[in-house]
Amino acid sequence: MSSGQNEKINQQLFLKQVPTGIAGPEDFETKESPAPECGNGQVLVESHYFGLDAALRLIVRDSDEFLFRVRPGDLVRGTAAGRVIESKLSGYEVGEYVLASGGVQNFIACGPGELERCDVSQAPLEAWLGGFGVSGLTAYFALIKECKPQPGQTVLVNGAAGAVGSIAGQIAKLAGATVIGLTGSEEKCDWLVNELGYDIAINYKDSDWYDQLVTAAPDRLDFIFDNVGGEVLDLSLKLIAMRGTVLLCGSTSQYAQEEMRGPDNYIWLGTMRARMQGYVIFDYVDQYEEARTQMAGWIKDGKLKIPSFAVSGDVCDFPEAFKQLYEGKNLGKMVLKLPAAI
Ligand SMILES: NC(=O)c1ccc[n+]([C@@H]2O[C@H](COP(=O)([O-])OP(=O)(O)OC[C@H]3O[C@@H](n4cnc5c(N)ncnc54)[C@H](OP(=O)(O)O)[C@@H]3O)[C@@H](O)[C@H]2O)c1
């Protein structure tokens, strides 16, 4: 039986070609089709927001460097925050807000394995894709379970004004550490200090940024929370503290490079008995709920801000928004706000 929903037009985003350089509109293709039918045991979700994740550039490379891959011709991977508009799945009602992992498109028909309920009394819907979603949880588990910074210690966060970094700095502050952020503009530096409570923020595009970091960290760096890799990580390694930890969260600066480059200054790890540690959020998937309860408490008490940077558009505007992410336009999580969200 027809649901009636299939009269709605569904824009879907496909990868057209393996990008060279920063991915942009020329690398993607939007196709339109009727909205999918809601099958038995499924819900039909209308997408309201998509998060723009730096890691997408890694996933569309012609290589197996990450856990997943999107090849030319594939629907682009993505999780929508949206609303159930039809339900043939017991336990889910029309009107509920959910995360649906079904690719970048306006309508997603999916079963319980691809769904997560969003309690919008804990955080607004768009935050479930960012600071209250995987980005924020990445920062949470990296700091609370892996790094465990203590009062008196110093934490350096690079990519500090991004989705992960904006939460990482705040949680490191809650742990009592001194927190230094590296980011790409004066405006972002001011925002980190004045809005998010970073102790010091440095623009890594300043020619003397490393000298500024030396001055900012007289007792060296107990933790380097690395989101970007490249030269920013490389020079910072010279300041790692005795038995310090470099947490390898991401390598944004390398994802679009033909040849990815590792750090030259690794020798400081040996001298300082320090370590570099890999980290993937999915190891903590069974603890997300517990973490969100803690984070919701911090939000309620005014101790944690969940910054979101929304650009309005439809599915066809996703590639332009993605390009802007790599140009550093975002303060906090960049999300695409679709017409259905208004
Ligand atoms: N390990 C995990 O489980 C996990 C989970 C989620 C995300 N991640 C990783 O965490 C990192 C941050 O992700 P995100 O979603 O929070 O992205 P994001 O930081 O919100 O956005 C990317 C930011 O990177 C900066 N950037 C762009 N090109 C750069 C370059 N060449 N050098 C230095 N900075 C550059 C820009 O800010 P500026 O203005 O500061 O340059 C831009 O705003 C990514 O590498 C991602 O893959 C890892």
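Predicted model: local features only at pLDDT ≥ 70, side-chain atom pairs only at ≥ 80, totals over all residues.
Local features are reported only where pLDDT is at least 70 and side-chain atom pairs only at pLDDT 80 or more, whereas totals for chains, interfaces and linings use all residues. Residues are numbered from 1 along each chain as its sequence is written.

The protein chain is divided into domain 1 (5-130 + 307-341) and domain 2 (134-282), with bounds that come from an automatic or database domain assignment. The centres of the two domains, taken over C-alpha atoms, are separated by 29 Å. Domain 1 contributes 13 residues to the contact and domain 2 contributes 14 residues; two residues are in contact if their C-beta atoms, placed from the backbone, lie within 7 Å. On the side of domain 1 that touches domain 2, six residues are nonpolar, five polar and two charged. In this classification Ala, Val, Leu, Ile, Met, Phe, Trp, Tyr, Cys and Pro count as nonpolar, Asp, Glu, Lys and Arg as charged, and the others, Gly among them, as polar.

The largest nonpolar core comprises 97 residues, and Val 45, Ala 142, Leu 156, Ala 168 and Phe 225 have the most contacts inside it. The largest share of this core, eight residues, comes from helix H2. Both domain 1 and domain 2 give residues to the core, so it lies between them. A nonpolar core is a set of buried Ala, Val, Leu, Ile, Met, Phe, Trp, Tyr and Cys residues joined through C-beta atoms within 7 Å. A residue is buried if 20 or more other C-beta atoms, placed from the backbone, lie within 10 Å of its own, exposed if 12 or fewer, and partly exposed in between. Helices (H or I, at least four residues) and strands (E, at least two) are DSSP runs numbered from the N terminus.

Helix H3 (residues 163-174) has 12 residues, which at 1.5 Å a residue should span 16 Å; its end C-alpha atoms are 18 Å apart, which agrees. The expected span is 1.5 Å times one less than the number of residues. Of the 12 residues of H3, 10 are buried, including Ala 163, Ile 167 and Ala 168. The elements covering the buried residues of H3 include helix H2 (134-147), helix H4 (186-194) and strand E11 (221-226). H3 is followed by Gly 176, whose phi is positive, near 95°.

Ile 200, in strand E10 (residues 200-203), is partly exposed, with 19 other C-beta atoms within 10 Å. Gln 17, in the loop between strand E1 (9-15) and strand E2 (28-34), is also partly exposed, with 14 C-beta neighbours inside 10 Å.
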